[in-house]
Amino acid sequence: MSEKSPFEPVGHESISDAVVDQIESMIVDGILKEGRKLPSERELAEAMGVSRPKIREALQELEGNGLVTVRHGEGTFVSTLTGRAMSPALLSLYARHGDAFYDYLEYRREQEAFAARLAAERATKSDKERLSDIINQMQKAWEDDDMEASQEADIRLHTAIVDASQNTTLMHMMASVYDLTRQGVFYNRRYLRTMDGTGEALLQQHKDMVEAIILGDGAAADAAARAHMDFVEQSFRNGQEQARREERAAKRRKLSV
């Protein structure tokens, strides 16, 4: 394993239990997120300083507890633990009832603000470096007019802010919400950018959040997160109103011909 491996050598008093405990702790702490592939048995054995049979024994226990899934020929992965934030039936209801979408945004506003405030209070040096790196990637994506890279960086930034909050419940719950965003279930950044024009406003909003977190200003981080979600909501309201205007105008035109 490389020096960047998060796994640590374990003692020899109860080797397989120690391996299980370390991996469980990394799952709880959001270091090993659901869907993440674990290193091979050989790599884990090397990083933890134990035999491969002990690693295998520990992985079998973790699999039995539903924490990891072994895919033959592919490897061992952290299991899906939080489930979907909403069932397909509920998602369909949201799609048909527009007002419910704004309940989703309201929920996001409060959780994003909470995460940003905690991140400002708790972010480590490593967290701050990660946030700075992602902002630089967002800047480059904006300059290159790369919508795909920009959208992916957007989700990674919000995930990094939640991780920096050090609140493990928030990490796991928001991971499910961000998965829906990544799938474009509620909206996608491409639509927001059409409201923004160039995407510059969105970029600046993310910069404001990160700057406040790096400075340790919880109130400013909270306010920046709320301002960002307010922008998202207003953009969609404006977009819906414009669509209604265009629909009415099209009908008037048909009658005037």
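## A loop residue and its surroundings

Ser165 is located in the loop that joins helix 7 to helix 8 (168–182). Helices here are DSSP runs of H or I with at least four residues, strands are runs of E with at least two, and both are numbered from the N terminus. The model is a predicted one, in which local features need pLDDT of at least 70 and side-chain atom pairs count only at pLDDT 80 or more, while totals for chains, interfaces and linings use all residues. Residues are numbered from 1 along each chain as its sequence is written, and side-chain values use heavy atoms, with hydrogens and water left out.

With a relative accessibility of 0%, Ser165 counts as buried; the classes are buried under 20% relative accessible area, exposed over 50% and partly exposed in between, with a 1.4 Å probe and protein chains only. When neighbours within four places in sequence are set aside, the contacts of Ser165 (heavy atoms within 4.5 Å) are Ala115, Leu118, Ala119, Arg122 and Leu170.

Gln166 is found in this loop between helix 7 and helix 8 as well. Gln166 is partly exposed, at 36% relative accessibility, and has a positive phi of about 65° although it is not a glycine. Asp145, in the loop between helix 6 and helix 7, is likewise not a glycine and has a positive phi of about 55°.

## Overall architecture

The chain contains 11 helices and two strands. Along the sequence, these elements follow the pattern α-α-α-β-β-α-α-α-α-α-α-α-α.

Of the 257 residues in the chain, 42% are buried. Among contacts between residues at least 6 apart in sequence, 71% join residues that are at least 24 apart.

## Packing against helix 10

Helix 6 (residues 125–143) packs with helix 10 (residues 200–215) at an angle of about 165°, and their axes are 10 Å apart. Helix 6 is therefore roughly antiparallel to helix 10. Axes are lines fitted to C-alpha atoms, for helices over the stretch in contact, and angles run from 0 to 180 degrees between N-to-C directions. Angles under 35 degrees count as roughly parallel, over 145 as roughly antiparallel, 65 to 115 as roughly perpendicular and the rest as oblique. Ala, Val, Leu, Ile, Met, Phe, Trp, Tyr, Cys and Pro count as nonpolar, Asp, Glu, Lys and Arg as charged, and the others, Gly among them, as polar.

Helix 7 (residues 147–164) also has a contact with helix 10: their axes come within 12 Å and cross at roughly 25°. Helix 7 and helix 10 are therefore roughly parallel to each other, and their crossing is left-handed. Asp154, Leu157, His158 and Ile161 of helix 7 meet His206, Met209, Val210 and Ile213 of helix 10. The contact of helix 7 with helix 10 has five nonpolar, two polar and one charged residues.

## Salt bridges

The structure holds 15 salt bridges, each defined as a side-chain nitrogen of Lys or Arg within 4 Å of a carboxyl oxygen of Asp or Glu. One of these joins Glu41 and Arg56, at 3.0 Å from N to O. This pair links distant parts of the chain, with Glu41 in helix 2 (residues 41–48) and Arg56 in helix 3 (residues 52–64), 15 residues apart. Arg56 is partly exposed, at 35% relative accessibility.

Glu110 and Arg226 form another salt bridge, at 2.8 Å from N to O. Here too the pair links distant parts of the chain: Glu110 lies in helix 5 (residues 98–122) and Arg226 in helix 11 (residues 218–256), 116 residues apart. Glu110 is partly exposed, at 37% relative accessible area, and Arg226 is partly exposed at 26%. Arg226 also forms a salt bridge with Asp222, with the closest N and O atoms 2.7 Å apart. Asp222 and Arg226 are separated by about one helical turn, because they are four residues apart in helix 11. Asp222 is buried, with a relative accessible area of 11%.

Technical notes:
Left-handed = near helix turned anticlockwise from the far one by under 90°.
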